[in-house]
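Subject: Handover of a structure for your review

Dear colleague,

Please find the structure below, together with its sequence.

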Amino acid sequence: MRQSNRIPGKGRIDRERPVRFSFDGRDYEGYQGDTLASALLANGVRLMGRSFKYHRPRGVMTAGSEEPNALVEVLEGGQHTPNVRATMQEVYPGLAVRSQNRWPSLAFDALSVNDRFSSFLSAGFYYKTFMWPRAWWEKVYEPLIRRAAGLGSLSGRHDDARYEKAWAHCDLLVIGSGPAGLMAALTAARAGADVILAEEDREMGGRLLADAPEIGGQKGDAWAAGVLAELGALPNVRLMPRTTVTGAYDDGTFGGLERVGLHLSAPADVPRECFWRIVARRAILAAGALERPIAHPDNDRPGVMMASALRAYAHRWGVDPGRVVLFGNNDSALQTARALTSEGVRILAYVDPRPGIAVTEEFPVYRGEVVGTTGRLGVKTVRFRHKGGVSEIAAETLALAGGWNPTLHLACHTGAWPDWDASLSAFVPRPGMVPGLTVAGAAAGHFSTAACLEGGVAAARAVLSELELKIPETAVPQAEDGAYDIAPLWSVEASGRAWLDFANDVTTKDVALAAQEGFASVEHMKRYTAQGMAPDQGKSSNVAALAILAEATGQGIPATGTTTFRPPFVPVSIAALGAGGRAKGFAPERRTTSDPASRRMGAPMIEAGMWFRPSYFPREGEATWREACDREVTMVRQAVGVCDVSTLGKIDVQGSDAGRFLDFVYTNMMSTLKPGRVRYGLMLRDDGHVMDDGTCARLSDRHFLITTTTAAAGLVMRHLDFVHQAFCGDWDVRMMSVTEQWAQIVLTGPKARDLLNAVLQDPAEAKDLPFMGYAPGCILGVSGRVFRISFSGELGFELAVPARYGADLFDRLVTSARELGGGPYGMEALNVLRIEKGFITHAEIHGRVTAFDIGMDRMMSPKKDCIGKAASQRPGLRGPEREQLVGLQPLEPQEALTAGAHLYDRDAPARSEDGQGYVTSVGYSPTLGSWLGLGFLKNGRARHGQVVRLDDGLRGRKVLCRVCDPVFLDPEGGRMRG
Amino acid sequence: MRITCPCCGTRDRREFTYYGSEDYLDRPAAEAPAQAWDDYLHNRENPAGETRDLWYHDPCGCWLKVTRNTVTHAIIACEPVAGAGA
């Protein structure tokens, strides 16, 4: 494929390295260094997309990230990416690009019929039209509109490509590498500051690459190359090309999106993108300025582009634009026309409405305005009005130069507003908008090259003096310092639709209509018309739109103001933003030391917090988990079971005031506990509700070990630290989490002592260990701890050994337990065992219950204050109106109960105002041959024996249950004490 | 946002857990009237401007009283709570 529109010998492209790529299935050739947009233009392809609403043919408007029109889809499968700006996608061998929002093809799009009905489709059309019947909105109108309007499509597949996140720190972040940015970076770098220079483009140099003004007697790009060579050689400088700084945040933090692999043929061994958090002591925003179009009828055809983009395509990429009409209203436009002419581009007409415009140029100059274009899929002729009437001339390209908007977005990201500068007809930044950030160069409204160079140096010097670094002598090279005269022209008075926001198909009429219908504030106009809400966020159109709104309302531009600038400056893929936050990066996995053994035994693992715990240990012949669970429960009740409970939080508490401290955080007394004894403890929040429960063992006089529930381990640690540091910092007590350091394994059942003796070096050590007792013990030759506690209601021990011995201990206990007719049991059986005993977990102490509710009011020691005590005595937190913990047994034992179901009086309707309570835990008890439940019931303790209705609206279950004490089995506790 | 922990230096806010107003440091006596407990537990100012609140530095376990501005997001001071209420 010939590159018919390529100017021989011109441009910063590598003609030795041709690159083949495809667009809508057709093969093209570009060169290394091309963007998709430049390569397509070089091949004479102007039509690159269809517009959002009217499906109008559209071509590329810009040469940068602000591109509103030329959005395409790239890649396949999970990596498929819509709305890629052709101006940002670099070509690489094999790149396959598809146009979007068209059917059946880009050149013939059936939905371009919308354009014929455009007079009906103006702003607000959808709101006004698709109102009735109301039910149709979701089912008919919205899907229809979504199909017709829109941008690219989503693959619906998981993107499994690599993305990364990274942090960087520096003294100075320079954003943009044009003349201002380069001078700023150079000045700071020579002073020894740690500098990061971030540039959105693949190459550094900014506009010096696109129009190469003379600097210090050199071509601008050559000068830039020299500066970059110096910067690149300095160890204190990091150059970050292909990195868009996307947002300014508090404390000098900036977001940056680096396109690491998007320009490489897949599969490249690099991430696709990297999202940077850059922390900078100071920052200089030197992001340049964006040229804006002028609204005139049919200003949206392929072939219409910004004059600066035209210049970039010609100079940097050697693209021949064909015959050009240039429509401008400022001196920069005139300069562009001169530069283009000197490069051999044919300017057929330079059209400028300014009264004083000189006509003595090398190209025809007309004082006037462009009033229209023709050409179905691209500009064929341009019509303009001038003194002598209306002329229509044949041209391929219409270049618009409506003035420059400083790229000050980042300066506004933390909530500050820019000032209107009437002489520039543009918003300019004010000092101090973002603390620590200075704006320099064109971004600050200084448009000449000389002013940019000087601005960069001045900004860097100010930073250096703030950072107390020695300011080096940096000579500012000579450069062009032309004045910038502009006569604001937002839209041309002529009949026909004139586009403002190309990406969202907003015309000048839509904005006027918004004002007329009362949406006169700029924020309302934006939402009514969708102006500035497309992927480009109105970068080239917002200012013109609010100027037209200001005209319509008569308020003037400063009073109208801008809409809010928010990050990100360019679209950021969610995959990049969330890099590292998937799967284990989202939630790390914690595994006990017995995890491999459980998996080897075929146990399905379930997540408990971040931990993985075995659900049950299946045996051959068992068809369902229930069979395994029933067997394991029975095994514990009749022989012995082994269960790893290392996930429980363990906190070591030491000091002469440890007992006093624990008295303060638990409702009950711990200071009276004798060494070698264990006590159940309940912890409240200061609002009187239960925080957590667990055991507290006194290992020695000044040494306690407390346990927490698995999920609340971190919370309790934080709480204890708070209570200590906030209320009793001078007490002699220290605490530390030792959850990870100890493996703790339960052995429980009538044969638990036999099993204990199998692993205890000297069985005498635990021979007389009473219920709720503790003794140090030598377990399989290792110093460990033996606790006699029970969460199953059977005789039980918990053995603790340093975590590195946990796997061995578990294996040995399982083997020995099997010899005794027992074995391991999982979470399901553990749950049934504790429900049978009425033991609570976080299903019950879920944050909204009090000690009174769970029947543990009497554990509140009257002899001392404790956290939560005062509030727990308040009216409303105790009494018959409270929902209280009860047991529930179905009248028909085999009728399954469901957790989460609500409780009602037997014949009451299932309405929330009739609610009596809810079910928290359920399980089938093979011991009692019945389903059992725990739940909370209004005044429940006084209602034992009554029948209530369990009503599960979600699963459609209604079960009559008898209310009973929550302890179903062995209420005297003879089994665990015996 | 970064907070300067007296033990660990300036650290990213991802290392900290927010708790609430510094009011939590002024715990009433056990026998204080209900109104005092209401104020302690529930009644809060919501200032636009300078505010003091409590943050936990998870890696080192230090509780901090952080003075910051809710409008500018500036962090003005950080001090350990230990000693403050003892």
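From the N terminus on, chain B runs β-β-β-α-β-β-β, that is, 1 helix and 6 strands. Helices (H or I, at least four residues) and strands (E, at least two) are DSSP runs, numbered from the N terminus. This is a predicted model, in which local features need pLDDT of at least 70 and side-chain atom pairs count only at pLDDT 80 or more, while totals for chains, interfaces and linings use all residues. Residues are numbered from 1 along each chain as its sequence is written, and chains are lettered from A and ligands numbered from 1 in the order in which they are written.

The C-alpha atoms of chain B fill a box of roughly 40 × 30 × 20 Å along the principal axes. Of its 86 residues, 16% are buried, a residue being buried if 20 or more other C-beta atoms, placed from the backbone, lie within 10 Å of its own. Among the contacts in chain B between residues at least 6 apart in sequence, 46% join residues at least 24 apart; two residues are in contact if their C-beta atoms, placed from the backbone, lie within 7 Å.

Chain A comprises 24 helices and 49 strands. Its C-alpha trace spans about 110 × 70 × 55 Å along the principal axes. Buried residues account for 53% of the 978 residues of chain A. For contacts in chain A with a separation of 6 or more, 66% come from residues 24 or more positions apart.

Where the chains meet, 18 residues of chain A are in contact with 19 residues of chain B. On the chain A side, helix H19 (713–727) and helix H23 (869–872) each supply at least two residues, and H19(A) gives the largest share, 6 residues. By class, this side has 6 nonpolar residues, 2 polar and 10 charged. Here Ala, Val, Leu, Ile, Met, Phe, Trp, Tyr, Cys and Pro count as nonpolar, Asp, Glu, Lys and Arg as charged, and the others, Gly among them, as polar.

Chain A also contains an open sheet of 5 strands with mixed pairing, in the order E2-E1-E7-E5-E6; two strands pair if DSSP finds at least two bridges between them. Strands E2 (26–32) and E6 (81–85) of chain A are the edges, each pairing on one side only. Strand E1 (residues 14–23) of chain A runs antiparallel to E2(A), joined to it by 7 bridges. A:Phe21 stands opposite A:Tyr28 in E2(A).

Yours sincerely

Methods:
A residue is buried if 20 or more other C-beta atoms lie within 10 Å of its own, exposed if 12 or fewer, and partly exposed in between; C-beta atoms are placed from the backbone.
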